[in-house]
Amino acid sequence: MSISQPHELCSVPKGVLQIPEEGFSRQEGGDAFTRNSLTLPDANSRNAGTSQMRFSLVIPTYNESKNIKELVQQLSQHLDGAIPGAYELIVVDDDSPDRTWEVAVALMREYPQLRVMRRVEERGLATAVIRGWQAARGEVLGVIDGDLQHPPELLLQLWGEIQRGADLAVASRHVEGGGVSEWSIIRRFLSRGAQLLGLIILPGAVGRVSDPMSGYFLVRRRCIAKGRLSPVGYKILIEVLARGELAWIGEVGYVFQERPAGESKVTWKQYVDYILHLLRLRLTTLPINRLFQFGAVGLTGVFVDMAVLYLLSDPSTLGWGLTRSKIVAAELAIINNFLWNDIWTFGDISRRQPGQRRRIKRLLKFNIICLAGLVLNVLLLNALYNFVIYNKYVANLIAIAALAIWNFWIALKLSWRVTDLEE
Ligand code: GDD
Ligand code: MN
């Protein structure tokens, strides 16, 4: 164990981008840090005065050699005042041509809480942040840009939000006290346009905060430690919002400053990456299993619908009129689908909402939703049968299929909404 060389670089974590559930903690009486059975010799075990590291702030850098000293100085000043010895700053540099990592390593003598990681094989802001979080020891993980465009003094307010109980505390340009200093109309338009696109593709995640594009936030380790993360490009917050288990989110307004030196690395590529990231999250967070279950239940509903339509409307049976038969058939199919979905597709949710009263409430909600679908279904069936396909059973099948996705989404968002859960 080479403790004699305190100013070494951190080793870069390898493999999947998954945050460990536990940070490193100091081994009793030893110098090394342990997590589970993994012991970290050398620079990774640098200087944690207290046994429990509370906060790890990652600073992703690429060509920030002119900004990093001032930033580390300001951050240390604020954090030494609030949580002395219980925080660490982790610079994650992607082998910057201006050797930002070297400038940062030289600062380690003066700033004992500073650790530096130099990535050579990998590149990209979001993955840099996650690699930093993987090597972090704090229970609260944070990220701030390395160019002083995010005001360091705001950190204490964000930390305050976490202390008050927030799982995620985001620095926002779009709440009271927020804004951007000298952004061009184009950049403002692109930023808001990106946000709008996010709201369309991933409303459940992007819609939870006022500034989903923010690169400045703190999050509790346990809220993002379960699953694998796989961001693309810049937007680490979108990844956290989509995959994290976040009950309470706090926001603090800030004004995005002009950088004192260097230039932004944002190019059109970041915008393409962002769209790819949204689509990847859309696909990977789609409740595929539930969709299949809902589809299978839907198929039993088609069978009930068709069988009852036949039993009521076929000349060889009761020979009722089409619309009257269809309404009875569809209603029985709705009740069939509800029961199977309540027991199976959304069983995990309905079991946490026990009692007949709640079940009837869910049935009524589901029925109202399906009724809207039913009206559309009957209109579509009649339109198809009278103008397009002169076989009522084929027309009926097409009408049902068209409504299936609509019903699933509405059912997921309304009938089995996980709001009135029994804690
Ligand atoms: N390690 C690493 N690797 N760091 C990088 C990389 C990279 O490939 N690219 C950029 N960085 C670092 C920069 O050095 C800087 O510290 C930080 O990431 C942000 O990069 P900028 O290029 O300055 O981004 P920006 O100022 O245009 O946009 C920032 O603010 C926006 C508004 O909050 C970013 O944080 C955006 O994500 C954010 O939307
Ligand atoms: Mn910047």
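Which elements each supply at least two residues of the shell around ligand 1? I looked this up first, bearing in mind that the model is predicted, and found that S4 and helix H3 (125-135) each do so.

**Ligand 1.** I then listed the surroundings of ligand 1 and noted 28 residues, the closest being Asp 94, Met 213, Lys 235, Ser 264 and Lys 265. Going through the contacts made by oxygen atoms of ligand 1, I found one 2.5 Å from a backbone N or O atom of Met 213, one 2.8 Å from a side-chain N or O atom of Arg 259, and one 3.5 Å from a polar side-chain atom of His 150. I also checked the cover: ligand 1 taken alone exposes 730 Å², of which the protein buries 98%.

**Manganese ion.** For ligand 2, the manganese ion, I recorded Asp 147 (OD) and Gln 149 (OE1) as the protein donors, at 1.9 to 2.0 Å from the ion. Both Asp 147 and Gln 149 are buried.

**Helix H4.** Turning to H4 (residues 155-163), I noted that Leu 155, Leu 158, Trp 159, Glu 161 and Ile 162 are buried. Viewed down the axis of H4, these buried residues fall within an arc of 150°, so they line one face of the helix. The spacing can be read against the general rule that an α-helix has 3.6 residues a turn, so residues three or four places apart point the same way. I traced what the buried residues of H4 pack against, and the partners include strand S4 (55-61), helix H1 (68-82) and strand S7 (140-143), together with strands S8 (168-172), S10 (217-220) and S11 (249-253). After H4 comes Gly 165, for which I noted a positive phi, near 125°.

Conventions. Residues numbered from 1 in each chain as written. Chains lettered and ligands numbered in written order. Predicted model: local features only at pLDDT ≥ 70, side-chain atom pairs only at ≥ 80, totals over all residues. Heavy atoms only, no water. Donors = N, O, S within 2.8 Å, 3.2 Å for Na, K, Ca; no water. Buried < 20%, exposed > 50% of the residue type's maximum accessible area, 1.4 Å probe, protein only. Helix = DSSP H or I, 4+ residues; strand = E, 2+ residues; numbered from the N terminus. Arc of directions from axis to C-beta. Contact = heavy atoms within 4.5 Å. Near = heavy atom within 4 Å. Polar contact = N/O pair within 3.5 Å; in protein donor to acceptor, adjacent residues only side chain to side chain. Areas by Shrake-Rupley, 256 points an atom, 1.4 Å probe, with all protein chains shown as cover.
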